[in-house]
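Subject: Structure for your ligand question

Hello,

The structure is below, and my notes on the ligand site follow it.

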Amino acid sequence: MEHLSEVLKILDGALKANASMAGNYAGLLADKLERSGAREDAVRIRERLSRAPAAMAYAQDGSRMASAVPMDADSRLETVDISYSEVQADNFHLPSAAARRFQEFVSAVTHYDRLAASGVASVNRILLHGPPGTGKTMTARRLANELKLPLATVRCDTLISSLLGQTSRNLRRVFDFAEQTPCVLLLDEFDALASARGNERDVGELQRIVIALLQNIDALPGHVVVVAATNFAQGIDAAVWRRFPYQISFSNPDPALREALWKSMLRDFAPAGLHWDELVRCSDGVSGAIIEQVCQDAIRTAVMAETPKADPAEILRRLGIAISSLRGHHLPSIEDEVRWLRAWQEEAFSQRELARLYAVSTRQISNMLRGQNAGKTEVEERRSV
Ligand SMILES: Nc1ncnc2c1ncn2[C@@H]1O[C@H](COP(=O)(O)OP(=O)(O)OP(=O)(O)O)[C@@H](O)[C@H]1O
Ligand SMILES: [Mg+2]
């Protein structure tokens, strides 16, 4: 039977006398029916929901929450942030192995009930780990998008910066919320919560948090979708790793992925004849987030200059400056930038090109470059670090 999974969850809610859970899943069922063309059935469900007490009426509209969003009692800040993400497939690029793993997870979540009936379902939990800016949060958003569920992002900072002992209570509320509300629960910057036991200052408190986290994860029904994302995988407790049967390791993009990212992020602003291979080569070791930033900056420059395409040299210049900052090399003056760019990609940044980019004369550029040799030595020194 189609939509059996929602019906079962409504039944669970009713059996547990949990009206908001039943209402939430009924709202989701109405949405799904509507999308599949059964509009009249959807209307009947929503009409029934509208007769429920006031708080429940929210569930008629699948985009709102019937259960109250959990809050930290001390700071009165919400510990979960609800969003409805739109990460389109066109803007979502993963290395092939990660993409495959992602699809496997989507399909396991979608067919959870069927897998459970055959006794081969594993819990719907995935751990995303890897360096900053490699697309972990974006992947969680894309997942929510594909599953047509809201994304409930746990604010780990609000969760743990509260009174001592309050954290476990906050965790409980967050997991109760996730159980009652159809959503993808995202524990972002997960390391803040799940650092290894015993190697921190406040060992006692940290241990209690990890234990509370494990208990909450264990108590969660397997169908609830949980995503944990971290860029500090070494710090995660081994007992936590075991609770996530699906894992995706992220890394800075390889050449093929960099090319796809440049192309999709420059969009129609990519100038004809752009040397993609040069961009791909020069952006080795750079994250997707930085490529995105460079593209947006270059596009912004084009828009301000009222030109329909981004300037290839400007793209490379922005990339060079981003890379200098990644290497901890600050460029406070234009002279520093010019020297750095020249030392970084001598062929691409001829004196004439630099003069054009910085709207100065080639003589001024050549004056700036007089310290070039010193600059180059410095660059090379830093590269070798
Ligand atoms: N593989 C990718 N495909 C498409 N966009 C990407 C990719 N990697 C990074 N981005 C872009 O970079 C930006 C940052 O990505 P995201 O926030 O997902 O990184 P993250 O891995 O969660 O980083 P952090 O560990 O710092 O939280 C996003 O706006 C996203 O569009
Ligand atoms: Mg992130």
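A polar contact here is a pair of N or O atoms within 3.5 Å. The model is predicted, so to speak with care: local features need pLDDT of at least 70, side-chain atom pairs count only at pLDDT 80 or more, and totals for chains, interfaces and linings use all residues. Residues are numbered from 1 along each chain as its sequence is written, and side-chain values use heavy atoms, with hydrogens and water left out.

Polar contacts to ligand 1:
- A backbone N or O atom of Gly-133 is 2.8 Å from an oxygen atom of ligand 1.
- Met-138 also places a backbone N or O atom 2.8 Å from a ligand 1 oxygen atom.
- From Glu-189, a polar side-chain atom lies 3.4 Å from an oxygen atom of ligand 1.

Taken alone, ligand 1 exposes 630 Å², and the protein buries 81% of that (Shrake-Rupley method, 1.4 Å probe).

The shell around ligand 1 counts 16 residues, with His-93, Gly-133, Lys-136, Thr-137 and Glu-292 the closest (a heavy atom within 4 Å of the ligand). By class, five are nonpolar, eight polar and three charged, where Asp, Glu, Lys and Arg count as charged, Ala, Val, Leu, Ile, Met, Phe, Trp, Tyr, Cys and Pro as nonpolar, and the others, Gly among them, as polar. Domain 2 (68-249) and domain 3 (255-384) each give at least three residues to this shell; the bounds come from an automatic or database domain assignment.

Regards

Key: Chains lettered and ligands numbered in written order. Polar contact = N/O pair within 3.5 Å; in protein donor to acceptor, adjacent residues only side chain to side chain.
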